[in-house]
Amino acid sequence: MTAIRHLLTVEQLERPDVERILERAESFAEVGRRDIKKVPALRGRTIVNLFYESSTRTSASFELAAKRLSADVVSVKASGSSIEKGESLKDTVQTLSAYGPEAIVIRSPYAGAAELVTRWTDAAVVNAGDGKHEHPSQALLDVYTLRRRIGALDGRSIWIVGDVLHSRVARSCALAFRMMGARVTVCGPPTLIPPGVEDALGCEVAYRLDDLGGADVVYALRMQRERMSESFVPSLREYTLHYQIDARRLGPRQLLMHPGPVNRGVELAAEVIDGPSSLIATQVESGLVVRMAILYELLAGGERPRGGRARGPDAELPAPTPIGEPA
Amino acid sequence: MSDARPISSLDWRGVDAPPGPELLLRRASVLDPRAGIDAVHDVVIRDGRITGLAEPGTVENGGAESIDAEGMRVFPAFFDPHVHLRTPGDEGAEDIETGSRAAAAGGYCGVLAVANTKPPVDGAADVLALREQARAEASVPVGFFACITRGMGGEELTEMADLAAAGAAGLTDDGLPVRSARVLRRALRYQRLAGLQIALHEEDPELSADGAMHEGTVSAALGLAGIPSVSESTMIARDAALARHEEARIHVLHLSARGSVEAVAAAKEAGVRITCEATPHHLALTDEEVRTLDSAFKMNPPLRSEDDREALIDGLRAGTIDCVATDHAPHPPERKEVPFEQAAMGVIGLETAFAVLHTELVVPGRLGLDVLVDRMSAGASAFDLELPSVAPGSEANLVLVDPDAAWEAGAQGWESRSENSCFTGRELRGRVLMTVVGGRVAYRQRQFAMGVA
């Protein structure tokens with residue numbers, strides 16, 4: 001069986017890759033219902049979580065996912081580490097690779113950081129968010145969550161609402177939803193929709209929620225308060241007036257998603273967060289099994305990876321020819 | 001405007017040295033569009049000048065070095081009004097010796113080094129020190145810009161007349177725009193006393209902000225903050241209006257966008273004394289290259305859309321864009337081996353400029369070879385320097401090129417101390433074999449040197 005070597009972007013994935021990972025996630029869902037929530041799939045493997053940005057659910061769920069698969073996990077956070085002392089990403093990765101991890105899970109404030117890491121280690125690399133670029137594990141868990149609830153996404157209409165410009169979740173989700181056959185519309189203040197996004201993500205653009213009624217799923221994005229002072233939007237009040245998802249705007253048959261953490265009363269009204277249409281809590285649950293499936297895919301899904309030494313000139317030395325044999 | 005002076009009077013190792021030995025290039029295909037020369041000749045170089053263009057095969061070799069140049073082209077050598085030699089302060093990236101060697105290897109008979117060094121070149125003593133260093137180290141003539149504003153701070157003018165007296169080649173805050181219209185207006189007015197050309201990096205920092213690449217479909221896909229084209233074109237329009245108002249002359253550095261070409265064309269139409277340049281990378285590449293987030297493609301201004309590139313090529317052909325400049329910007333690996341957003345902006349370009357444009361524009365028929373040859377050296381006149389020529393009687397500044405040679409950029413290393421080329425690994429056609437400056441051989445390509453030995 002072929003498995004992917006790294007999970008860097010949704011863009012690199014093919015639909016069969018997604019299907020395979022999500023099927024695996026289904027099988028891991030059962031593990032969570034056991035008394036002892038653990039399988040020996042990755043026993044003896046080492047996974048490094050390297051987080052350059054604060055994160056609660058992504059770092060916790062990757063750590064827990066690794067532990068449920070019986071892997072050894074080391075979590076390195078930017079604060080209190082050599083990263084704070086100005087060590088470069090390259091040096092940090094090469095140092096950590098000397099411990100021979102099979103996988104490195106990295107969250108970075110910079111686009112392309114995970115892809116760069118693959119150049120400096122033999123370990124499998126998981127992008128747990130790179131700048132405003134991509135967040136593929138989030139997109140996979142969102143597809144998983146939706147499919148469990150409504151089945152195939154083919155022909156479904158999904159609206160992604162809010163600050164698309166600054167959102168890696170929006171980019172990865174739009175690509176993943178489209179790959180699975182859904183139609184995607186991004187909607188938000190014109191200043192927070194990047195020019196060229198239609199071609200970039202293959203989606204429709206709307207600046208008003210007027211046509212939201214046609215959506216099967218409403219995926220709201222986190223609206224950060226800094227955006228007001230940066231004059232992307234004039235005020236919180238005007239934003240909520242035009243883009244907040246509340247019980248009036250969300251129809252009874254429409255599903256609501258959000259990557260968390262939610263700004264209550266900003267992008268979402270309290271009544272819809274905990275309402276029957278909300279999949280937000282399910283998304284968090286799905287995060288664990290999908291991340292288990294991702295780690296399994298990279299470390300046990302195909303050929304066994306070589307183990308993560310730092311790349312060096314001696315990595316590929318040919319075996320010596322025995323004396324007396326023809327060379 | 002002062003009278004044009006010879007390029008070889010800029011500072012370099014050859015400035016006070018005797019001219020090289022006599023040199024004969026036999027059966028070379030000579031092209032000098034400005035002089036109306038396009039024929040096969042024996043080229044005779046004596047006492048630093050081109051003394052004759054004779055019928056092929058007619059000149060006897062009287063003890064001179066004789067080179068069989070059959071099938072090779074001879075052009076006026078190139079001139080680059082915009083390079084970063086990183087001296088003083090960042091010699092780990094480049095210095096005058098390595099940077100001028102890279103220039104010689106690219107076919108250049110002269111370069112102008114911009115002033116955003118550490119510290120910036122903003123006083124007469126800085127200029128004099130660099131000139132002295134160039135006389136000891138430089139393989140080709142090097143002129144030095146000084147800053148428009150003290151410390152490139154954008155607020156107080158430098159002692160522009162004193163800098164001119166010290167031999168500065170021009171004034172620029174390149175790396176940064178002159179943000180204040182008031183400050184730039186005063187610099188332009190003061191040009192009546194100082195005389196020096198003022199070269200402008202055009203960018204509205206309010207619009208480009210923390211952008212890392214061109215704003216467009218690719219930046220939308222990558223989630224990178226974009227630098228919109230209007231951040232450049234609006235500043236060009238502003239500064240052209242100021243130059244017109246003050247009857248000053250300006251040179252616009254590194255155009256990247258269609259709107260910028262249009263702004264310069266409008267200014268020229270209105271009679272503004274404005275010249276401008278474009279780089280080989282903006283003429284050959286687009287923002288599609290950035291899709292892989294390879295920091296080799298990070299520079300300022302950024303690579304833009306195919307439509308912008310088309311406008312630059314058309315502008316170069318029409319003469320709206322006066323010349324090619326490389327914006328040669330060396331960086332050590334540690335400033336590039338980081339995520340794209342953190343990476344330093346800039347690429348080296350001297351050693352590949354002609355070959356890249358020959359391969360990407362001339363070979364496919366997008367641009368005439370004569371136009372390219374003209375634009376590769378036309379920048380000299382914007383800075384009061386004589387245009388290189390191969391007409392008899394001219395100072396011998398010429399380049400010998402094998403137009404058919406195929407080579408891989410970077411495969412044999414670089415003369416520059418840095419390797420941050422955005423063309424590494426690319427197959428190129430057309431290679432500089434020899435560069436002659438003031439009659440002296442400044443560079444010989446390695447295999448070619450072995451061939452003649």
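Buried here means 20 or more other C-beta atoms within 10 Å of the residue's own, exposed means 12 or fewer, and partly exposed lies in between, with C-beta atoms placed from the backbone.

A word on the basis. This is a predicted model, where local features need pLDDT of at least 70, side-chain atom pairs count only at pLDDT 80 or more, and totals for chains, interfaces and linings use all residues. Residues are numbered from 1 along each chain as its sequence is written, and chains are lettered from A and ligands numbered from 1 in the order in which they are written. Helices (H or I, at least four residues) and strands (E, at least two) are DSSP runs, numbered from the N terminus.

Back to H4(A). Its buried residues are Ala113(A), Ala114(A), Glu115(A), Leu116(A), Val117(A) and Trp120(A). The cover includes helix H3 (89–97), strand E3 (103–108) and strand E4 (124–130) of chain A.

Now the sheet. Four strands of chain A form an open sheet, order E2-E1-E3-E4, with parallel pairing. Strand E2 (72–77) and E4 of chain A stand at the edges with a single partner strand each, so one side of each has no neighbour in the sheet. Neighbouring strands are turned by 15° against each other on average, direction ignored. Strand E1 (residues 46–51) of chain A pairs with E2(A) over 6 bridges, in the parallel sense; pairing takes at least two DSSP bridges. Phe51(A) stands opposite Lys77(A) in E2(A). Helix H11 (residues 280–300) of chain A packs on this sheet and touches E1, E3 and E4 of chain A. The direction of H11(A) makes about 150° with that of E4(A). Axes are lines fitted to C-alpha atoms, for helices over the stretch in contact, with angles from 0 to 180 degrees between N-to-C directions.

Next, the chain interface. 22 residues of chain A are in contact with 17 residues of chain B. Contact means C-beta atoms, placed from the backbone, within 7 Å. On the chain A side, H3, H4, helix H6 (168–179) and helix H7 (197–201) each supply at least two residues. H7(A) gives the largest share, 4 residues.

Last, chain B. Its domain assignment gives domain 1 (7–74 + 394–452) and domain 2 (77–382). Their C-alpha centres lie 26 Å apart. 35 residues of domain 1 are in contact with 51 of domain 2. On the domain 1 side, E17(B) supplies the largest share, 8 residues.

Terms used
Two residues are in contact if their C-beta atoms, placed from the backbone, lie within 7 Å. Domain bounds come from an automatic or database domain assignment.
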